[in-house]
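Hi everyone, thanks for coming.

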Amino acid sequence: MARGLYKVIACPSCRWLQVTTAEKTTTCRRCGRQIDLTRVRPLAVARTAGEAREKLLRAKARALRGRAAF
């Protein structure tokens, strides 16, 4: 991946969705687990922070729709 891209990722431990610009590792803001970005596939990639936020919100909405099955 090119430097400076925003990546929407899900924590492998708690499934919390977040945005990062890190290249190799980052820390989950919810559970504190260290996430190896070479093993986690991004859900979306964006060039700007605004675009990344929109993609994060869409991914969270999709995740909520998936849980709301009755």
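Let's start with R47, which sits in the loop between β5 and α1. Keep in mind as we go that this is a predicted model.

So, is R47 buried or exposed? Its relative accessible area is 68%, and the cut-off for exposed is over 50%, so R47 counts as exposed. Now look at who R47 meets. Leaving out residues up to four places away in sequence, R47 touches G4, L5 and Y6. Take Y6: R47 and Y6 are 41 residues apart in sequence, yet their C-alpha atoms are 6.1 Å apart in space.

That brings us over to strand β1, which covers residues 6–10. How many of the five residues in β1 are buried? Four of them are, so to speak, tucked under cover, and the strand is mostly covered.

Okay, what does β1 pair with? Here's a bit of background first. Strands of a sheet pair through backbone hydrogen bonds, and the pairing can be parallel or antiparallel. In our model, three strands make an open sheet, in the order β2-β1-β5, with antiparallel pairing. β2 and β5 are the edge strands, each pairing on one side only. On average, neighbouring strands in this sheet are turned by 25 degrees against each other, if you ignore direction.

Let's go through the two pairings. On one side, β1 and β5, residues 44–46, are joined over three bridges. If you want to find that spot, look for K7, which stands opposite V45 in β5.

Which element gives the most to the lining? That's helix α1, residues 49–67, with four residues. And by class, the lining has five nonpolar residues and four charged ones, with no polar residues.

That's my tour, so over to you for questions.

Note on methods
Residues numbered from 1 in each chain as written. Predicted model: local features only at pLDDT ≥ 70, side-chain atom pairs only at ≥ 80, totals over all residues. Heavy atoms only, no water. Buried < 20%, exposed > 50% of the residue type's maximum accessible area, 1.4 Å probe, protein only. Helix = DSSP H or I, 4+ residues; strand = E, 2+ residues; numbered from the N terminus. Pairing = 2+ DSSP bridges. Nonpolar A, V, L, I, M, F, W, Y, C, P; charged D, E, K, R; others polar. Contact = heavy atoms within 4.5 Å. Axes fitted to C-alpha atoms, helices over the stretch in contact; angles between N-to-C directions.
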